[in-house]
Amino acid sequence: MTTKPLSHIRNFAIIAHIDHGKSTLADRLIQTTGAVAQRDMKDQILDSMDIERERGITIKAQTVRLAYKAEDGETYTLNLMDTPGHVDFAYEVSRSLAACEGSLLVVDASQGVEAQTLANVYQAIDNNHEIVPILNKVDLPAAEPERVKSQIEDVIGLDASDAVEISAKTGLNIEGVLEAIVKRLPPPKGDPDAPLKAMLVDSWYDAYLGVMVLVRIIDGVLQKGMKVRMMRTGAVYEVERVGYMTPKLELCDKLEAGEVGVITASIKEVADTAVGDTITDERRQTAEPLPGFRPAQPVVFCGLFPVDAADFEDLRAAVGKLRLNDASFSFEMETSAALGFGFRCGFLGLLHLEIIQERLEREFNLDLIATAPSVIYKMTLTDGTEIELHNPADMPEVTRISEISEPWIRASIMTPDDYLGAILKLCQDRRGIQIDLSYVGSRAIVQYDLPLNEVVFDFYDRLKSISKGYASFDYHLSDYREGDLVKMQILVNAEPVDALSVLVHRSQAERRGRAMCEKLKDLIPQHMFQIPIQAAIGGKIIARETIRALRKDVLAKCYGGDVTRKRKLLDKQKEGKKRLRQFGKVEIPQEAFIAALKMDD
Amino acid sequence: MSERDLLSGVEAAIEGTPDIGFGVYIHWPFCARKCPYCDFNSHVRPKGIDEAGYLQAMEREIAAHARLTPNRTVTSVFLGGGTPSLMKPESVGRLLELIGSHWQISADAEITLEANPSSVEAERFRGYRSAGVNRLSLGVQALNDADLKFLGRLHNVGEALRALELARETFPRLSFDLIYARPDQSLEAWEAELRRAIGFAADHLSLYQLTIEPDTAFEKLHAAGKLVVPDADAAADLYELTQAVAGAAGLPAYEISNHATPGGESRHNLLYWRYGEYVGLGPGAHGRIVQGDDRGRLATIAERNPEAWMKRVAETGHSVIETEEIFGETAGDEMLLMGLRLVEGIDAARYQRLSGRRFDPARISDLVTHGMVEVLPDGRIRTTPAGAFVLDAVVADLAA
């Protein structure tokens, strides 16, 4: 393929709320332009991981190059960038958007604009994107395209009068989308003769080709055999392969300014690449790296332990392998009195945590226990030493601590006016400090400073639920502030379970303690004896629940013909017991360790 | 699958479980009507039952199983169903004759027939007795007409009482079944009903709590919220009451749901619970045949559908469609599942021989501490009355 002039390239992202049809539209665009043979077509082509397909979310940025012969008779190169949509991956999204000039905003014609869309739309606007509104599912009886158009205008402030009305499912008006991309989105700018300046948009590990790097060429040319420098990490590599995804990898000789593609360069680990880094020519370097770079920083930590202690080595191998493909995930060995050997792992957020846990269980066939997520606390001890605490279980004696500080974030929440009251209450309950409140039309934009430990767990879920999904949320870490934090222990049958210890603010302890005890009461199955569940600070019990003893669990009839069936049930029971952890005399299901922290308030 | 394929590898042991006994179970798969709570292998054939065809097939079925279990002495025969009292007495006689022609039947063998208390069936009691049946098990189920109707039974209390009377005169041993923990059943109502039942002087009572079984009419009602059974606490209270009342009246439980006067226990059912040897004949029947050397037990499962069963026997000489060799931990699990249902408990040494594993002493000691299990001086392990009602949890603990 010869390089196209810039005027014949369009780089675009698709922004959509979950279920509004992003992946289906992507599939149709790929199909219509013939990038994938019909027989290779399966749903959600770009979501390559099982988890992505199942949950309908995109975790890794994906790209596909489409060749489209437009009505004007010219053939255009369209680069579709599929981006993750969750706040955990906000930085990755921002880089993907920075690599495009325009976005398609896909809105379900009956549901209208929803929260997840907004944060990404605003990001796209921040990145100076031209945005084409697309109304999907217009073929459904409940579709109200006119109402949704005026909503797009009111809520987002985008002119929706010439929104493209489609049905991605039936393929209705996909041509209209392609024409709009060509006619309404701007071509990339860039100087092919300037020194190479390319953005590292994402990277992943391919079992055959090693680390693959998704790049957007801003200026210059990236060629096979070239020595390139990663400006942030300082590493220098020789480019081995240059190509683009269709979505299958197609090799070519070079990528020029304005183009999107992939390279390989004998990079050992994904961890050696930094999303947002600037790639330049080692011999002819660009003067300035691209703005907006942020190193990947885990903000949530939790312990991962094998259910069966014998699987520890398998877990070690598995986390090592996953890390090859996900640099934002970190780990170090940990031992727990209750859970044995495992790893303390760092994540971008809770969704990231759940995804990693699920991938470890699924792709590596491991049964895991995840402990309560925690943030990094900084402590000054009475002897003057400063320590960082990643794990509440490691908290020193209270008498040895002179000061504890915790990370705070600056959060921006956008919401329709109707939900503002509930959202302000949520932020207040979570020790938030209001910084700003302003309006854009009927939408409130509120800024809060919040302790990360109040947000890390279920804040996002709560926000979504109280705003019926309309509020959007974005945050960045701001600073560390001193806090009156205490270690809350959970005692099950009078024995402390270290994996359930959390650091909480003294003012929140009772509420959290009560919520955790109530949760655990439902999560731990009845035993043959009564089980007290207590939350305690120091020696003081602040909340208590009791699981009553099991009273009936027996088959009324069991004769000669029943034993085979009953034995099979017993096999299942024995299998189920493997997913339980023994604490003293109590068996706790592994999912309880995370579920106990989710609050329904 | 031919007999050669399925059963060819089977090496018959010289003897099975002579200390426990050897039982023959015969399944009669037909009922006049399907009860809404029942998930047994029973079928209604409005156009009539091919009783002759059943007997013909049974002749070959008995012969095939007898070849696998030579030199056994039959200590019990159980004719279950279904409703075996739909069978003509001559047919029962023929079945017992066939059993006697292939195996030795011990002089004191227990021969049980399950019967329903409708008047038609009661007329045959004397015939069954003449044919050799010495123990009748009557499906009474309830002693009030409203509940009998709810349970889908075809008899009323009056018929039940007459059948009990007749059965007591006719058979040396008598048992009957009651289903309790019915919707809205109070402790008082059940106590009165149970006391009345005990007054009928049977030597054996099977007292089952109503269980919602999958694929039954009751399951559908239950799922739709139209049938509410007592919760675990109410069920446990009813169970405790049952133990107390029946025990005080000289019918203590010897198994989870079975009560007997001393010596009145069902010998055939004890064979199952003691994990002895039995053959299962007829549609859907299961057997456990002790094999030679150390090859454990052979589990046999027969074709369930009555017509398919007949066809299969005609074609291959037997109806076994599935076999499994059971030894080691699996055999241990079966022994626990069955044995711990009995008040007498299990012999830990036998469990160890059969399963090749030992109980975890810490588990046993926990279970003892919680009052679920007792270890007897002779090494037997048994559940306490409290442990019996949470038996599935106790077994899962011991088997894990």
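Contact here means that heavy atoms lie within 4.5 Å. The structure is a predicted model, in which local features need pLDDT of at least 70 and side-chain atom pairs count only at pLDDT 80 or more, while totals for chains, interfaces and linings use all residues. Residues are numbered from 1 along each chain as its sequence is written, and side-chain values use heavy atoms, with hydrogens and water left out.

By this criterion, and not counting residues up to four places away in sequence, Tyr54(B) touches Ile26(B), His27(B), Trp28(B), Pro29(B), Met87(B), Leu95(B), Pro283(B), Trp309(B) and Met310(B). Tyr54(B) is also among the residues with the most contacts inside the largest nonpolar core, which has 133 residues; such a core is a set of buried Ala, Val, Leu, Ile, Met, Phe, Trp, Tyr and Cys residues joined through side-chain atoms within 4.5 Å, where buried means under 20% relative accessible area with a 1.4 Å probe, protein chains only. This core draws at least three residues from each of domain 3 (300–371) and domain 5 (487–597) of chain A, the domain bounds coming from an automatic or database domain assignment. A second, separate core of 53 residues includes Phe343(A) and Ile404(A).

Between them, chain B and chain A bury about 3500 Å², 57% of it on carbon and sulfur atoms, this area being the accessible area (1.4 Å probe) that two parts lose on being put together, summed over both. The contact involves 47 residues from chain B and 28 residues from chain A. Across this interface 12 salt bridges are found, each defined as a side-chain nitrogen of Lys or Arg within 4 Å of a carboxyl oxygen of Asp or Glu, and Asp333(B) and Lys574(A) meet through their side chains in a salt bridge (2.6 Å, N to O).

How values were computed:
Chains lettered and ligands numbered in written order. Buried < 20%, exposed > 50% of the residue type's maximum accessible area, 1.4 Å probe, protein only.
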